[in-house]
Amino acid sequence: MKLRPLGDRVVLKQSVAEETTKSGIVLPGQAKEKPQYAEVIEVGPGAVVDGKLVPMDVKVGDTVIYQKFAGSEVKLDDEEYIVIKQDSILAIVEK
Amino acid sequence: MKLRPLGDRVVLKQSVAEETTKSGIVLPGQAKEKPQYAEVIEVGPGAVVDGKLVPMDVKVGDTVIYQKFAGSEVKLDDEEYIVIKQDSILAIVEK
Amino acid sequence: MKLRPLGDRVVLKQSVAEETTKSGIVLPGQAKEKPQYAEVIEVGPGAVVDGKLVPMDVKVGDTVIYQKFAGSEVKLDDEEYIVIKQDSILAIVEK
Amino acid sequence: MKLRPLGDRVVLKQSVAEETTKSGIVLPGQAKEKPQYAEVIEVGPGAVVDGKLVPMDVKVGDTVIYQKFAGSEVKLDDEEYIVIKQDSILAIVEK
Amino acid sequence: MKLRPLGDRVVLKQSVAEETTKSGIVLPGQAKEKPQYAEVIEVGPGAVVDGKLVPMDVKVGDTVIYQKFAGSEVKLDDEEYIVIKQDSILAIVEK
Amino acid sequence: MKLRPLGDRVVLKQSVAEETTKSGIVLPGQAKEKPQYAEVIEVGPGAVVDGKLVPMDVKVGDTVIYQKFAGSEVKLDDEEYIVIKQDSILAIVEK
Amino acid sequence: MKLRPLGDRVVLKQSVAEETTKSGIVLPGQAKEKPQYAEVIEVGPGAVVDGKLVPMDVKVGDTVIYQKFAGSEVKLDDEEYIVIKQDSILAIVEK
């Protein structure tokens, strides 16, 4: 199963915050505050403004940071996703 | 009787969440939190913007996820439906 | 006396909810929660957008369901009506 | 003295609710809840939208019903009036 | 010193409510509730909409009634004025 | 250092309210309520509406009155300024 | 890693407020109230209005003051940044 977002929406998968203890053991997902980073999983076709399709700025595979409290959490096949309008994506993280 | 939604509204029928106990017995509809999945039952003609009809993105039979707390619950012939603007539909679930 | 609604407003008359007891006696209007169904009694000429009249989607005699808490209750000749903008009508009920 | 409303505003004079006691005596204005009916006393020239004057739908002498809590109460020569935008007038009452 | 209002703003000077006691003595300004009447003292050039100046409907010397709680009170040379957008002026009082 | 406001913003410097005691001594800035008068120190280039620059109505050196609670207080080189959109300026004070 | 802001967003790095004690020792970052000054680190491509890209007014390296409580705080490689719409930038500080 996969999600096909409508309009200028994007499906995000939150990156797991990894924390390393002093002894070097990696503790994934123990951070209390969720990170705002996420990977773009699906991209909608774009919004239609004045009869014209506005192309999207993000693409599948991008790492992005998004506005806190924006978007809707969705569960599919026991995985959690965020469906969010592209306008709530602040920036693309380049490596 | 059937519902003919106006404008860019859509009639949804919430999918029943099935839960399977360890012994394999299926317990439909016991989940406390309603799932956000629904089947599209009827689709309105679309909104008219600047005198032009904007065609709809969803069609009858689609499984969709929709925004929490959006839409109006409606009872018809003892069945419950949700009438919702298409803009409150987040994504189509593809199988 | 009759009401002539302005713009894209519609005058509705709420359908009386009939309940039948086990013995077959019909008890009209005992339902505590008012039904959201109503009959269209009068239809306004439509809204004017960018100098053009947008024709109405509902007509006199239609049975419609409308958004809760929308519209204004009005009393005329001891009858109660709802004056509501067409955009608050969710769907037409077809028989 | 008279009021000349600006734009798409209308001056209304609330109709006095007359109540007749069993003995036939008319008690004007004893109704606690004010009726929503009013007579149109003055009509503004209309709103200007995109440089064009939009003509008004109501005229002096019309009996109208208007939205509760809309408009401003104004006192002139010890008479009370309501100055209201035409968009808050729900319907014209035809006799 | 005088005030030159910007855009579609107007400078008003509230008329003093005069009250006459039984003995005929005039008590200006004792009324607790301020009257909503005011004289137009200065008129701005008008708002610019879509690059065009929209001319003003009120002129210096007009007596107007204005919306309660609208506008800003301003003190100049120990006199109090109200600077208000023309859209908050309800009607011109004609004598 | 100086501030170059963006768009249709203006930098204001609040005029000091001078109070003179009975003995003639001037006490600047003792007034509890700050005056709404200010001098225009810098003027932005103007807002761009529909691709066209809308020229500004105020100029450096103007004394203006502005809406209470509008604008942002800014400290530069130990001097306090107000950065405000021109739309929150009510009127120019002419001497 | 670097941030590429979307639309008319800008990435800011807050300037550290330096305070000098009487003995001349510089105490960076002890000020309780954060300064509103920041350096522009990255600039988005600009917003698209009516199909046209509106160029940005600020550039990388500018010192700007921005509206309190605007923008989103973001942490990248243990550095804190503010991602903000250009419209929330009040003025450029020129030296």
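Predicted model: local features only at pLDDT ≥ 70, side-chain atom pairs only at ≥ 80, totals over all residues.
Local features need pLDDT of at least 70 and side-chain atom pairs count only at pLDDT 80 or more, while totals for chains, interfaces and linings use all residues. Residues are numbered from 1 along each chain as its sequence is written, chains are lettered from A in the order in which they are written, and side-chain values use heavy atoms, with hydrogens and water left out.

**Chains B and A**

Contact (heavy atoms within 4.5 Å) links 16 residues of chain B with 15 residues of chain A. The buried area, meaning the accessible area (1.4 Å probe) that two parts lose on being put together, summed over both, is about 1400 Å², and carbon and sulfur atoms give 53% of it. Leu90(B), Ile92(B) and Glu94(B) supply 41% of what chain B buries against chain A, more than any other three residues.

Two salt bridges (a side-chain nitrogen of Lys or Arg within 4 Å of a carboxyl oxygen of Asp or Glu) are counted between chain B and chain A. On the chain B side, strand S11 (residues 89-94) gives the largest share of the residues that touch chain A, six. Strands here are DSSP runs (E, at least two residues), numbered from the N terminus. S11(B) runs antiparallel to strand S1 (residues 2-5) of chain A, joined by four bridges; two strands pair if DSSP finds at least two bridges between them. Within this pairing, Arg4(A) stands opposite Ile92(B).

**Chains C and D**

Here 15 residues of chain C are in contact with 16 residues of chain D. The two chains bury about 1400 Å² between them, with 53% of it on carbon and sulfur atoms. Arg4(C), Leu6(C) and Arg9(C) supply 42% of the area that chain C buries against chain D, more than any other three residues. The count of salt bridges between chain C and chain D is two. S1(C) is joined to strand S11 (residues 89-94) of chain D by four bridges, and the strands run antiparallel. Pro5(C) stands opposite Ala91(D).

| Residue pair | N to O distance |
|---|---|
| Asp87(B) and Lys85(A) | 3.6 Å |
| Arg4(C) and Glu94(D) | 2.5 Å |

**Hairpin in chain F**

Strand S9 (residues 72-76) and strand S10 (residues 79-85) of chain F run antiparallel, joined by five bridges. They form a hairpin with two residues between them, and Asp77(F) in the turn has a positive phi of about 50°.
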